[in-house]
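Q: I'm new to this one. Can you put it up and walk me through it?

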Amino acid sequence: MVDGTAVRSCLMFAVQADGHDLRTVEGLAKVGELHPLQTAFMENHGLQCGFCIPGIVVRAHAQIEKKGADLTRADMSRHLGAHLCRCTGYTKILDAIDALGSLRQWLASVPIRARFTSVPNTLIR
């Protein structure tokens, strides 16, 4: 992402990024722990060969930040049209994004104190 917007890295020269805020898939995680979206991809088998997944994860992150709980599977499917994955279909990738969306909706509906004591069974796999 460049300045918070998903861009195609293959169409951007490095010199064009000078002076801008850049975020890559590696930049989503904190030191020593994965970002929840990266974990969702891992737990839902959304990871494929690794060629297109970094861009898909960053694109999904940008859309989640932009739309939050309003992001639908159909919206994300449309946004994935900018990516070519030859390994498989996009079902598991969309499942991973849906799983994170379910978690975000649950977190938004539960008081902070209760978040540490109860997790709905539908979110545990």
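A: Read along the sequence, the chain runs α-α-α-α-α-α. That comes to six helices and zero strands, where helices (H or I, at least four residues) and strands (E, at least two) are DSSP runs numbered from the N terminus.

Q: What kind of model is it?

A: This is a predicted model, in which local features need pLDDT of at least 70 and side-chain atom pairs count only at pLDDT 80 or more, while totals for chains, interfaces and linings use all residues. Residues are numbered from 1 along each chain as its sequence is written, and side-chain values use heavy atoms, with hydrogens and water left out.

Q: How much of the chain counts as buried?

A: Of the 125 residues, 30% count as buried. Buried means under 20% relative accessible area, exposed means over 50%, and partly exposed is in between (1.4 Å probe, protein chains only).

Q: Which residues have the most contacts inside the largest nonpolar core?

A: Phe41 and Ile97, in a core of 23 residues. A nonpolar core here is a set of buried Ala, Val, Leu, Ile, Met, Phe, Trp, Tyr and Cys residues joined through side-chain atoms within 4.5 Å. H1, helix H2 (36-43), H3 and helix H5 (91-109) each supply at least two residues of this core. H3 gives the most, with seven residues.

Q: And what is Phe41 in contact with?

A: Leaving aside neighbours within four places in sequence, Phe41 is in contact with Gly46, Leu47, Ile53, Ile56, Val57, Ile93, Ala96 and Ile97. Contact means heavy atoms within 4.5 Å.

Q: Which residues of H2 are buried?

A: Leu37, Gln38, Ala40 and Phe41 are buried in H2. They cover an arc of only 160° around the axis, which puts them on the same side of H2. The arc is that of the directions from the helix axis to the C-beta atoms.

Q: What comes just after H2?

A: His45, with a positive phi of about 60°, although His45 is not a glycine. The residue sits in the loop between H2 and H3.

Q: Is His45 buried or exposed?

A: His45 counts as exposed, at 56% relative accessibility.

Q: Where does Asp3 lie?

A: Asp3 is in the segment before H1. Its phi is near 50°, a positive value in a residue other than glycine. Asp3 is partly exposed, with a relative accessible area of 45%.

Q: Switching topic: how much space lies in the largest pocket?

A: About 730 Å³. On a 1 Å grid over the protein atoms alone, a pocket is an open set of points where a 1.4 Å probe fits, with protein on both sides within 12 Å along at least five of seven lines, and lining residues have an atom within 4 Å of a point. Grid points are joined across faces, edges and corners, and the volume is the space filled by probe spheres set on the points.

Q: Which residues are closest to the centre of that pocket?

A: Of the 25 residues that line the largest pocket, Val7, Arg8, Ser9, Cys10 and Gly55 are the closest to its centre.

Q: Which helix gives the most to the lining?

A: H3, with four residues. Helix H1 (25-28) and helix H3 (53-67) each supply at least two residues of the lining.

Q: Last one: where is Cys87?

A: Cys87 lies in the loop between helix H4 (73-79) and H5. Leaving aside neighbours within four places in sequence, Cys87 is in contact with Gln48 and Cys49.
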